[in-house]
4 protein chains.
Amino acid sequence: MYSFVNDYSEGAHQAILDNLIKSNMEQSPGYGEDEYTQKAKNLIKSHIKNDKAEVHLVVGGTQVNLISICAFLRPHEAVIAVTTGHICVHEAGAIEAVGHRIVSVEGQDGKLYPENIQSVLDTHIDYHMVKPKLVYISNSTEVGTVYTLEELKNLSAICKKNNLILYIDGARLGSALTSETNQATMADVAKCADAFYIGGTKNGALFGEALVITNPLLQEDFKYFIKQKGALLAKGRLLGIQFATLFENEADLFYKLARHSNIMANKLQQGFTENGFKLLITSTSNQVFVILPKTIYELLSLEFKSSIWEPYCDDSYIVRFVTSWATPEKEVDKLIAALKKFK
Amino acid sequence: MYSFVNDYSEGAHQAILDNLIKSNMEQSPGYGEDEYTQKAKNLIKSHIKNDKAEVHLVVGGTQVNLISICAFLRPHEAVIAVTTGHICVHEAGAIEAVGHRIVSVEGQDGKLYPENIQSVLDTHIDYHMVKPKLVYISNSTEVGTVYTLEELKNLSAICKKNNLILYIDGARLGSALTSETNQATMADVAKCADAFYIGGTKNGALFGEALVITNPLLQEDFKYFIKQKGALLAKGRLLGIQFATLFENEADLFYKLARHSNIMANKLQQGFTENGFKLLITSTSNQVFVILPKTIYELLSLEFKSSIWEPYCDDSYIVRFVTSWATPEKEVDKLIAALKKFK
Amino acid sequence: MYSFVNDYSEGAHQAILDNLIKSNMEQSPGYGEDEYTQKAKNLIKSHIKNDKAEVHLVVGGTQVNLISICAFLRPHEAVIAVTTGHICVHEAGAIEAVGHRIVSVEGQDGKLYPENIQSVLDTHIDYHMVKPKLVYISNSTEVGTVYTLEELKNLSAICKKNNLILYIDGARLGSALTSETNQATMADVAKCADAFYIGGTKNGALFGEALVITNPLLQEDFKYFIKQKGALLAKGRLLGIQFATLFENEADLFYKLARHSNIMANKLQQGFTENGFKLLITSTSNQVFVILPKTIYELLSLEFKSSIWEPYCDDSYIVRFVTSWATPEKEVDKLIAALKKFK
Amino acid sequence: MYSFVNDYSEGAHQAILDNLIKSNMEQSPGYGEDEYTQKAKNLIKSHIKNDKAEVHLVVGGTQVNLISICAFLRPHEAVIAVTTGHICVHEAGAIEAVGHRIVSVEGQDGKLYPENIQSVLDTHIDYHMVKPKLVYISNSTEVGTVYTLEELKNLSAICKKNNLILYIDGARLGSALTSETNQATMADVAKCADAFYIGGTKNGALFGEALVITNPLLQEDFKYFIKQKGALLAKGRLLGIQFATLFENEADLFYKLARHSNIMANKLQQGFTENGFKLLITSTSNQVFVILPKTIYELLSLEFKSSIWEPYCDDSYIVRFVTSWATPEKEVDKLIAALKKFK
C-alpha cells in the first residue's frame, strides 16, 4: 500500500547514498570540521551568492528552529508566527522550553502578512509585555502555500523598519522555490531573510537541514548553541556529504528532487478537481489538501495512505496528500484512477 | 596518516551500512513508529532481560544526557558527577541550559565512589541549596577506566538508600563491557541503573545512542522530551536499523566491535610500556593515556594523529590514543614499530 | 488629583502598618521561619478549614504565578488560560521564561469554561504537541467578572476528570469573594482549586500574596522554588505580620477592605449608568469598565486619573476605573458629580 | 537572648520607617515610576558621580543576581566565581535555573584573583565548553574579607582585557566600604565594575537592593527582566523611599549604619582574641569567624545566638558572629564579658 502521508517515508536519493557509501571508511575530523562539510557550506554560499553568510548543518528541523531562536533572541524577546506555524503546534513547546513566547496571529492561508506583524507591534508597548523581535515564517507553509517574491520583500521591509529578525523555516524550501508560481530564487530568500534553513530531510537526504545566517550580527558563537542543544553530530561529515551532493552543479539535484515532488502533487491535485473534489486551498507545492466525504476517505484508505488534517462539516474530512522526491508517477496515476470510481 | 584521535572517525560497519542500503526505498512511518525501531527496542530489552524497560533511540550522546536529565529532574534538583565527567566539561553547558546545577566532585581515576556522593548529601541540607537527585557516571569513564561490578552495585545501593537516580552514560559502554577486567553484563548494568544508554556512534554505527529506562517512574511521557529538544528523528528507522543490526544474535556485532577496539588498545598500551613509556593510568578499555616527551610526540605526529590531553611537567604531554571498531591491526603495529625508534 | 488607575496606589492599611511598626526592633529568624509567618499560615489554614493545606507567603503576584507553575509542571506540560489572562499578557513572558507554553483560548467575559478546556484537550493528543496540564484562571478576572460557585465547581470537575491542576490567581480574590453576587467562600475556593493565592497587595497590604496549595502532591519541596526564583524574603516576618493582621478574627480586615472597594466600585458604576454611559461589562467587583467618548475622557482626566483599556469605535475609549480599600467615598461622589456635567 | 546570627534580624532603621509611615496614604504610580524611586536613583547616581549609570531597585539579593546574570549573558556564556560565592551555594541553583553554568574556582580567603580568572580562560577554549563571560565577586565576601582598591582595579583590568563583565554582589557593600582597611569609594567600585549592587536589606532597610549598571551595553531593556522574573514591586515607591532615605546627604545614613556594624564586629573580634580564641580569618567587616571549642560554643549559646560555619578539628567549630546596624553595644559588651569566664 503506497503512502502519501509525508515526504520523509523513504531513505535517501541514490546519489546521496552512493556518496555516503563511497566515503564510509575514510577518517575525518568530527563535529563538522571535515572537508565534506566545508565543501557543502561553500556550495551553498556560492549558490546564494553571499560569501559573508554562515552555514550550519544540523540533523532536524525542530532542532534548527529551537537553536536559532535560542541563539538569536534575548530572554525577554518573543517570536511572531501564524497560528498554524510548525513551532506553534508540532514542536512540543520547543521554543517555550528555551524561554520564548510565540505571539501567534491568524494570518491567511498559512501565510503571515505585514499587517499581522504590525498588530503585534501595536499591542506590545512596554516592559510588562514580551518584546516582539523575530518573525517566523515557513516557505512553503504548513498548508502548502508559497510566498511570492513581493510578499517576502514586504515582510523583509517591515522587519528591517522595526528592527525585527526575519527567519524562514525552509523544511520544504525546495518545493517552494520550484513551485510553478514562484519567482523567488534562493538568493532572493537569502537577501530577504536574516536567517533561513534549507530542508534536506524532506528533499532526498537521509536527514539534515542547512541553516544559513546572512545577518552578521546573528552569527557570533553560533556553534556553541549547536553543541549545547545536543545537535553537534559527531560524524558531521554525514551532513556535509549529503548537502554537497544536493548542491553540486548549481544545486541541480536539490531542485530536481523538489520539482518532481511538485509535479506529482500538481498532477494529483488536478486529479482530485477533475473528479469533482473540492480543495481546501489550491496548492502550488507538494502538499495537497482536499475535502473528501468520510466514506470515500475510508475506501481510498484501503489502497493509499494519507492523513486527516481536520474534520470538515459533519460528513467529510480535509485530507492531506503529500508527494515527495520519491513518489513514483505510477502511484499517482493509480490513485487518480481509483478516484474515478467515486465520481 | 592514520588517526588515533577518536573512535568516530569512520562511518559505519559494513553490516550496518548494508542494512541501511537494503531498506532505503521502503516506506516507513516517521518518528520511530516503524518496525525496525520496534525490533531494535525488543532486541535490547530481551538482551538485558527486562521487558518492563523502555528504550529510546536518539542521535547523539549530549542529546541523551540533556533530555534524560531534563525529563528526570524537577527544576531544583541537581546532578552529582566527577569533575572530569563529560557533562561537566564538554557539553557546552547543556545541563545548565535545561536548568540544573551539576555538583562536581573529584572522584578517583575518573570514577565516582559512594563517599563522594555522601559528601554532597552531607552539605546539601536545606532549601537554600539545590537538592542532589541524580548521580551521573560514565562507563567506561572519560579516562578509560571501567567500573567493577561491585563498584556499580555499591553506587546503586547508596542511590537507592537516598532516593537518588543512578544514570550511566554509556557512550563507550561496549568497550567497558568487553574490557578484560570487566565482570558486569549489560543486564547487570540495567539492574544497577535507573537509566543508562548504549553508545552506537563510537561502536560502529553512523550515529545513535539507545537510552534504556529501567525505573518505571522515569518512563512517563519521555517521548515528549525527545520531541521538545529537537531530537526526534523524522526517519527514525535509521536508528532502528542500526541498533537492530548491532543487537541481533545476542548483540553479537555490538560486542565484537567493542572487543576489537579494546584488543587494539591493549596491544598499543603494551607497546608503549614495553618501549619504556609511562602511562597516566592503566587502561582496560579503548583509550590509552601515555606520557610522551614533547619531542617524541611531535615526531610521532608526523605519522600518526593523536591528541594532547594535558601538559605534563615542563617537557612532556599526556597524550590520548583512541582505538575503535575500525582500527586496523597493522596501524597499531606500525605505531609500535615507530616507538622502537625512540627507545 | 485623585487616581482610579489601580488598587495599589497607596501604602498599607493603618492596622497593618501599626503591627509592622510595633514589631520593628524585635529579632526574628529569617526566610519565613519566624512566628508571625507561622501565625499567618495557621490563620489562613484555619479560615479555609484545611489543616493539610500548605501556605507560602511571597511578595508579588507574577512571582507566585511563575514559581507555582514552575514547581507544579514538568517541562513538556502546558497551561490553559483565557487570552486576557494576566500571565498571557502582562507578565513579560514569565511563564515561558520558566519553560512552559500557555495555550490561550477565548473564553467569555474574561472567564474560562469547561468547553474551552475540552477544546484544548481535543487538539493536544500526542507527543508532537505540549501536554495541557494546568488550568489558570483569575478570580475576579482581569475584566472584573466573578466566577459563580457553580462555575468553579464545573471547572474543578473537568480538571479532576482529566487529571489537570486547577490554579486560581487571586490577586483580587478578596474583591471576588465580597462581590454582591458571589456565593463561594474561601473554603469553597480551596476545595475547588489545587492551589490558589490570596492577594494582599491589592487589598491593604504593602505587598504580599499568600499561596495556598491544597493538593498534597504539589506541596513537595516548594520552598526550594521560592528560594531559586529569588522570592524568599530575608525579613520574611514582614509578610507574616501583614497576613496575620488581615486574617485575624476570621479574616475580618481582609473582607472589610475588599468589601469597601466593591461598594465604591458599585456606586461608581451606577453613577456611570445613571448618567447615560454604557458599560463594557457589568462589574460586580472593584473594576469598572465604561465606554466614554474621547472628549469626555479627556475632560474627566483633568480631575481624575483612570486608564484607557482599549479604543472603542472611532470616537470612544473603554476606560477602566479601579477602586480600592483606600478609596474615599467623597472622591467617588465627586467623580459622579462631575459626570452629571456631561449628561 | 540576643542573636548574632545575621544582619537582617530586625526591621528598618527608624528614619526609614518614619518616611514609609509619612507617605503611606499618598497615591503613587506603580512599578517604580514614582517620584521617590526617581529621587533615590538620582541620589545614587550623583553619589557615584556617574549620571550615565542606570539604577534599578529590587527587593532581594538572589533576585538581583539572577536577573542581572540572565539579562547580561547569552545562553552559552558562563560565570566565574569562587566556590564560597553566594551564587555557588546558597541560591538554590538560581543561576543554573536561568540557564548558566558557574565555573567555580578556589580563590583565597573568599576572594577571587586575576590568576583564578586566567586559569578558567586557559581551559575554556572552544565551542565544546561554555564561554566564560561574567566575573562574580562579593564585597565584602562571604567570609567577611574586603577587597582592596588595588585588587578591584586588577580584577577590572583583566576583565576589560578579556571582554569579561565584572559584577559585584554588594549585599554587604556598606560594610566593605566602611571597613577600617578600605580605601575604595563607591565611585571607585562603580568605575571598576560593569554592574554592582548596593545592599539595603543588611544595612537598615526593610528590604531592597539597588543595582547600578555602569556599562551602557548592559542597560538595554533591563526593566523587562525585572518584570519577567516577578521582581517588579507593584508599590515600587517602598524601595524608592528606603533608598532615598539611606542616600540623602551624601549617603550619610547608609555609611553611618554600616560603620556601626563594623565597629561592633571589630570590638567583638578583639574580645575573642583578647580572651585567647583563634580567628579563622581576621575580619575587617561585620562578620567575625572564630574557632570555639564545642563545649564553649554550647555554653555561650545559652545566652547568645550565633551560627556554626563548619566543624573544625574534632572538638571545635568555626562559629560566625554577625553584627549589624542594629546591634546594641551593650550586647557586644555582655558577650565579651561572658567570654572571660572561659578564659
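Visitor: How many residues of chain A are in contact with chain D?

Guide: Contact means heavy atoms within 4.5 Å. In this predicted model, 21 residues of chain A are in contact with 21 residues of chain D.

Visitor: And what area is buried between chain A and chain D?

Guide: Buried area is the accessible area (1.4 Å probe) that two parts lose on being put together, summed over both. Here that is about 2100 Å², with carbon and sulfur atoms giving 53%. On the chain A side, R74(A), Y127(A) and Y224(A) lose the most area to chain D, together 35% of what that side buries.

Visitor: What does the radius of gyration say about chain A?

Guide: Take it over C-alpha atoms and hold it against the globule rule, 2.2 Å times the number of residues to the power 0.38. A compact globule of 343 residues would come out near 20 Å, and chain A has 20 Å, so the two agree. Its C-alpha atoms fill a box of roughly 60 × 55 × 35 Å along the principal axes.

Visitor: Which percentage of chain A is buried?

Guide: A residue is buried under 20% relative accessible area, exposed over 50% and partly exposed in between (1.4 Å probe, protein chains only). Buried residues are 69% of the 343 in chain A.

Definitions and conventions: Residues are numbered from 1 along each chain as its sequence is written. Chains are lettered from A and ligands numbered from 1 in the order in which they are written. This is a predicted model: local features need pLDDT of at least 70, side-chain atom pairs count only at pLDDT 80 or more; totals for chains, interfaces and linings use all residues. Side-chain values use heavy atoms; hydrogens and water are left out.
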